Amino acid sequence: MATYLVTATFGHFQVKTGRTKDGIPIITAVDPREAKDANPALAKLPKMIAFEEKIFGPYPFDTVGAIVDDAPQVGYALETQTKPVFDGAPDDSLLLHELAHQWYGDSVALTARLGGNLYAERVVVEGSQQTKAMGFWSLRLGLSFYFGGGR
Ligand SMILES: [Zn+2]
């Protein structure tokens, strides 16, 4: 594991547990001040993992989740391994992005990682606006673009 993917968190958190459809344990820790805003996106985490498994393959770790802090001074979210950390409540797009990093962490070039994550967000947006067939073709074209030498 790359050192920047390691995290330890201390504080007062609301901890919830669950499982993905494949039985992978989900653990989320949310600062109570961010819970109301964070819970809508976090409730979609199992569906996001299932969606990203369709694109990227089986989830690569034994557990998944998120840490949502109330730390706006930090100014960013980070894809720490199995528990991405957020400086405030993430929206759907940001949560999906940091979860996509779980597949594209330390073994794939940075540009490919970021491209894959941006692509995952785009598929979700387009998936809600296009037919299934269009989504399938944009998925195929998008993957070849991003992983075939795109930006
Ligand atoms: Zn990222």
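The model is predicted. The protein contains five helices and four strands, and 29% of its 151 residues are buried.

**Overall layout**
- Starting at the N terminus, you can follow the elements in the order β-β-α-α-β-β-α-α-α.
- Take the contacts between residues at least 6 apart in sequence: 50% of them join residues at least 24 apart.

**The largest nonpolar core**
- This core has 19 residues, and those touching the most other members are Ala38, Ala66, Val68, Phe86 and Leu95.
- At least two core residues come from each of helix H1 (35-42), helix H2 (45-56), S3, S4 and helix H3 (92-100).
- H3 gives the largest share, with four residues.
- Setting aside residues up to four places away in sequence, Ala66 touches Thr28, Leu42, Leu45, Lys83, Pro84, Phe86 and Leu95.

**A closer look at Thr82**
- You will find Thr82 in the loop that runs between strand S3 (64-68) and strand S4 (85-86).
- Thr82 counts as buried because 20 other C-beta atoms lie within 10 Å, and the cut-off for a buried residue is 20 or more.
- Beyond its neighbours within four places in sequence, Thr82 is in contact with Phe61, Thr63, Val64, Gly65 and Gln102.
- Thr82 and Thr7 sit 75 residues apart in sequence, while their C-alpha atoms are 9.8 Å apart in space.

Definitions and conventions. Residues numbered from 1 in each chain as written. Predicted model: local features only at pLDDT ≥ 70, side-chain atom pairs only at ≥ 80, totals over all residues. Buried ≥ 20, exposed ≤ 12 C-beta atoms within 10 Å, placed from the backbone. Contact = placed C-beta atoms within 7 Å. Core = buried A, V, L, I, M, F, W, Y, C linked by C-beta atoms within 7 Å.
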